[in-house]
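Come along and look with me.

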Amino acid sequence: PMPAEGAVPQSLDELRLAANACRACPIGALATQAVCGEGPPQPAHMLVGEQPGDHEDLAGRPFVGPAGQLLDQAMAHLGWPRDAVYLANAVKHFKYELRGKRRIHKTAAQREAEACAGWLAHEIALVRPRALVALGATAARALLGRPVAVQSERGTWLRERSDGLPVFVTLHPSALLRLPDDQRADAWARWLADLALARQRPE
Ligand code: SF4
Ligand code: URA
């Protein structure tokens, strides 16, 4: 198995194979498969989530479960075609805890996100997006290389990356799914406003 710091993949197919075989952190051995991103090359935007969930782990595709459906709804609402963006994750394997037969999602630890950072860097270099959108704190930290307080840094373009790619931070769709009913409508409207701004891209 190739560690994340190993040979540089020359294509997205190579990246998929290499990430799938990666055991640089303990998650890899437990998941069904690595889930790399999907979308067009050189897109205006790459959206980055946290890690595949149960559905993504089984399907081998990003954002196909409940969080992905909420993202689909938001993008449809904005008239932003899902296939216009490249959708990826900061961590490539699903982390979970078994409860009986159920696989309960567990947030990736910082050391796991760090172990996986090389794959995301390779993916960005191969896909060559013009801008990056971080969905949630794990993605924001992976893309900016520092801890990010999503609520205070959301909604603007941050220019800190050495490769010059601007990063826009907003909530992860799962954060909206976890909110109590009486907070959903406001949070949904703010999230849509964030995504509309992200879609416009910076000058
Ligand atoms: Fe490797 Fe990332 Fe999978 Fe960990 S989660 S084994 S670092 S590909
Ligand atoms: N949550 C994520 O962050 N990514 C997915 O692909 C699915 C759910």
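Entry one. I sorted the shell around ligand 1 by class and got eight nonpolar, two polar and two charged residues. I keep in mind that this is a predicted model.

Entry two. Next I looked up the names. Around ligand 1 I found Ala 19, Cys 22, Arg 23, Ala 24, Cys 25 and Gly 28, along with Val 91, Lys 92, His 93, Ala 115, Cys 116 and Trp 119.

Entry three. Which helix gives the most to the shell around ligand 1? I found helix H4, residues 110-127, with three residues.

I checked where ligand 1 sits, and the place is the largest cavity.

I turned to ligand 2, which sits in the largest pocket. Its neighbours are Gly 49, Glu 50, Gln 51, Glu 56, Pro 62, Phe 63, Ala 67, Asn 89 and His 172. Sorting this shell too, I have three nonpolar, four polar and two charged residues.

I then went through polar contacts of ligand 2 with the backbone. A polar backbone atom of Glu 50 is 2.7 Å from an oxygen atom of the ligand. For Phe 63, a polar backbone atom lies 2.8 Å from an oxygen atom of ligand 2. With Gln 51 the ligand uses a nitrogen atom, 3.1 Å from a backbone N or O atom.

How much of ligand 2 does the protein bury? Taken alone, ligand 2 exposes 240 Å², and I noted that the protein buries 94% of that.

How values were computed
Residues are numbered from 1 along each chain as its sequence is written. Chains are lettered from A and ligands numbered from 1 in the order in which they are written. This is a predicted model: local features need pLDDT of at least 70, side-chain atom pairs count only at pLDDT 80 or more; totals for chains, interfaces and linings use all residues. Side-chain values use heavy atoms; hydrogens and water are left out. A residue is near a molecule or strand if one of its heavy atoms lies within 4 Å of it. A polar contact is a pair of N or O atoms within 3.5 Å; within protein, one must be able to donate a hydrogen and the other to accept it, and residues adjacent in sequence count only if both atoms are side-chain atoms. Accessible areas come from the Shrake-Rupley method with a 1.4 Å probe; for residues, only the protein chains shown count as cover. On a 1 Å grid over the protein atoms alone, a cavity is a set of points where a 1.4 Å probe fits but cannot get out, and a pocket is an open set with protein on both sides within 12 Å along at least five of seven lines; lining residues have an atom within 4 Å of a point. A molecule sits in a cavity or pocket if more than half of its atoms lie within 2 Å of its grid points. Ala, Val, Leu, Ile, Met, Phe, Trp, Tyr, Cys and Pro count as nonpolar, Asp, Glu, Lys and Arg as charged, and the others, Gly among them, as polar. Helices (H or I, at least four residues) and strands (E, at least two) are DSSP runs, numbered from the N terminus.
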